[in-house]
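Here is a short report on one chain. It covers the sheet, the helices and the aromatic pairs.

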Amino acid sequence: MTRIKILLADDDFEDRYIIADAFTEIGYNDAVHMVTNGEEVFAYLQAINDPADLPSLIVLDLNMPRMTGTEILANLKSNDLYRSIRVIIFSTSVNEKEKKQCMALGALAYITKPVKYQDSLVIARQFQEYSAMEKDNGLSLSSDV
């Protein structure tokens, strides 16, 4: 069985805390590594020596300093080493143009951050389930939680 790993990039402390708490509640906190910006995403990935240790899922906030989620996504999908990693945009933005742009760049899903904690638990479970799959096989991620 492949060891599952999720890399989550979000510059907002409260958002990181809520999703980390949700992962802890579902018993999955040890599989999540959090960073605060795009530079840290690439520093983390570049420090990995064995491709088998790359995350199975990268979750990106859209609006971060230094590098936006869209810029990170474009860089990931243009790099042969990282192209096959599933990427989800997890943002407060409901801008349809941004969503379409992210999906066109190769995002698996664009999920709006929930307001209620219970909804964060649902999303954490969805992230966990999707990261555990061997290949994309049609698991639906809901952005209407």
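Is Phe42 buried or exposed? Phe42 is buried, because its relative accessible area is 13%. Buried means under 20% relative accessible area, exposed over 50%, and partly exposed in between (1.4 Å probe, protein chains only).

This is a predicted model: local features need pLDDT of at least 70, side-chain atom pairs count only at pLDDT 80 or more, and totals for chains, interfaces and linings use all residues. Residues are numbered from 1 along each chain as its sequence is written, and side-chain values use heavy atoms, with hydrogens and water left out.

**Overall build**

The chain has five helices and five strands. Both are DSSP runs numbered from the N terminus (helices H or I, at least four residues; strands E, at least two). From the N terminus on, the order is β-α-β-α-β-α-β-α-β-α. Of the 145 residues, 45% count as buried. The accessible surface of the chain is about 7800 Å² (Shrake-Rupley method, 1.4 Å probe). Carbon and sulfur atoms hold 49% of that surface. Contact means heavy atoms within 4.5 Å. Among contacts with a separation of 6 or more, 65% join residues 24 or more positions apart.

**The sheet**

Five strands make an open sheet, in the order E2-E1-E3-E4-E5, with parallel pairing. Two strands pair if DSSP finds at least two bridges between them. Strands E2 (32-35) and E5 (109-112) stand at the edges; each has a single partner strand, so one side of each lacks a neighbour in the sheet. On average, neighbouring strands are turned by 20 degrees against each other, direction ignored. Axes here are lines fitted to C-alpha atoms, for helices over the stretch in contact; angles run from 0 to 180 degrees between N-to-C directions.

Strand E4 (residues 86-91) pairs with E5 in the parallel sense over four bridges. Phe90 has Ile111 in E5 as its bridge partner.

**Helices on the sheet**

Helix H1 (residues 13-25) lies across strand E1 (6-9), E2 and E4. H1 runs at about 175 degrees to E2. Helix H5 (residues 117-132) also packs on the sheet. H5 touches E1, strand E3 (57-60), E4 and E5, and its direction makes about 170 degrees with that of E4.

The buried residues of H5 include Leu121, Ile123, Ala124, Phe127 and Tyr130. The buried residues of H5 pack against E1, H1, E3, E4 and E5.

**Aromatic pairs**

The whole structure holds five aromatic pairs. Rings of Phe, Tyr and Trp (its six-membered ring) pair if their centres lie within 6.5 Å; planes under 30 degrees apart count as stacked, over 60 as edge-to-face and the rest as tilted. Two of the pairs are listed here.

| Pair | Centre distance | Plane angle | Class |
|---|---|---|---|
| Phe23 and Tyr28 | 6.2 Å | 35 degrees | tilted |
| Phe42 and Tyr82 | 6.5 Å | 55 degrees | tilted |

Phe42 lies in helix H2 (residues 38-46), and Tyr82 in the loop between helix H3 (69-77) and E4, so their pair ties together parts 40 residues apart in sequence. Tyr82 is buried at 5% relative accessibility. Phe23 is buried at 0%, and Tyr28 is buried at 12%. Phe23, Tyr28, Phe90 and Phe127 form one aromatic cluster.
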